[in-house]
Amino acid sequence: MPEPLKNLLHQALVADMADRIAAQAPAFDRDRFAALATRRLDALELMERAALICDALFATLPEDFPQAAAILKASLPASGRPGLSGWMLLPVNQFIAARGPDHFELGLDLLKALTPHFTAEYGIRPFIHREQQRALAIISGWLSDPDRHVRRLASEGTRPRLPWAMRLPALVRDPAPILPILNALIDDPEDYVRRSVANSLNDIAKDHPDLVAAFIAGHIEDASEDRRRLLKHASRTLLKKGHAQALANFGFGAAASLACELRLQHAEVMFGEGLDFQIRVTNAGTTPQSLMIDYAIHHMKSDGSLSPKVFKCRTIMLAPGQSQSIERRHPMRPITTRRYYPGEHRIAILVNGAEIASQSFLLTMPSADLG
């Protein structure tokens, strides 16, 4: 079994935090901090542990935020000297998010200094939520920063729907203010940054599909291989949903004159095993067709209804009269993001976003409940 996430914050890490802060601030009460930050620590989950350590910072750092910020900034690694880094900085993010917005420029500067050593994408969001225009003006000044982590913070921290973070409702409603940031970073030399740009565009596509499809269309002509890969990753939600403009951006028209056979190896699948299936697609038309083949598993929910999840399969080009067979196994095993229920499920084959074949199958559970 993998190590629980909560164990990323542990007593030894707290002791290291205390030592690294005290090394830069001799007046810092390291023993009190360590005692407060580890009280009942073992009984808490990850974010609860981070909040407990953050509270210990509140109790032991100066109440004056500029003084506290100076200590934290001095405690970051520098010139080969160890300092606050990695998961130690999760509670520091929380500390800055709580107290920094009252000292706007100073708080953002501290997050900029912090991000090369962990991430500041969670700490930055209260600043954007409080004063979006002011925050974005400062963040836009980071787009040519030599540090890739700072540039990535500009795109990742402004994502409207960043997972596990506070949502930015104003940017969910109107993402136009962050498009110049994404446009500026679209050809960043680091794949690490470009993937963040793609993820932000994918976030926006969930609420503004036509806007993102048009953005992609405006940036795909004569695109480099790196940019094209970014734009396709940014379009993944739109492509799975069969958005016409998104499909057209990558040369996929409406599929026509296709025949598709779907065969299941077994009509009944035991949970923990896999659904084995074969697809045979034939172009019965008179012109070549570029085909994006996906499949959707319609999972049974607790109320008996079905909920689809789309998975990528293959992209092919078929000449007139040409056929191609594809074999796949879809695992039906425990995952943290889904609870499985026994009963009738369905698999559907999607070609260029349109369903062209489907079959039902029965999911059964072992005698011991593994769900």
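**Notes on the predicted model**

1. Start with Gly253. Gly253 sits in the loop that links helix 16 to strand 1 (258-264). Its relative accessibility is 40%, so Gly253 counts as partly exposed. From Gly253 to Gln324 the sequence separation is 71 residues, and the C-alpha atoms are 19 Å apart in space. Please keep in mind that this is a predicted model.

2. Ser257 belongs to the loop between helix 16 and strand 1. Its phi deserves a look. The angle is near 55 degrees, a positive value in a residue other than glycine. Most residues other than glycine have a negative phi. Ser257 has 46% relative accessibility and therefore counts as partly exposed.

3. Ser79 also calls for a check of the backbone. Its phi is positive, about 50 degrees, although Ser79 is not a glycine. The residue lies in the loop between helix 4 (65-74) and helix 5 (89-99). Is Ser79 buried or exposed? Ser79 is exposed, because its relative accessible area is 85% and the cut-off for exposed is over 50%.

4. Next, the charges. A patch of positive charge lies on the surface, where Arg167, Lys206, Lys241 and Lys309 gather. One of these residues, Lys241, is placed in the loop between helix 15 (236-240) and helix 16 (244-249). Lys241 has a relative accessible area of 63%, so this lysine is exposed.

5. An α-helix has 3.6 residues a turn, so residues three or four places apart point the same way.

6. Last, the overall picture. The protein has 16 helices and 8 strands. Its C-alpha trace spans about 80 × 55 × 35 Å along the principal axes. There are 371 residues in the protein, and buried residues make up 46% of them.

Conventions. Residues are numbered from 1 along each chain as its sequence is written. This is a predicted model: local features need pLDDT of at least 70, side-chain atom pairs count only at pLDDT 80 or more; totals for chains, interfaces and linings use all residues. Side-chain values use heavy atoms; hydrogens and water are left out. Patches are made of residues with over 30% relative accessible area and no salt bridge: like charges are joined within 9 Å, nonpolar side chains (Val, Leu, Ile, Met, Phe, Trp, Tyr) within 5 Å. Accessible areas come from the Shrake-Rupley method with a 1.4 Å probe; for residues, only the protein chains shown count as cover. A salt bridge is a side-chain nitrogen of Lys or Arg within 4 Å of a carboxyl oxygen of Asp or Glu. Lys and Arg count as positive and Asp and Glu as negative; His and the chain ends are not counted. The place of a charge is taken as NZ of Lys, CZ of Arg, CG of Asp or CD of Glu. Helices (H or I, at least four residues) and strands (E, at least two) are DSSP runs, numbered from the N terminus. Buried means under 20% relative accessible area, exposed over 50%, partly exposed in between (1.4 Å probe, protein chains only).
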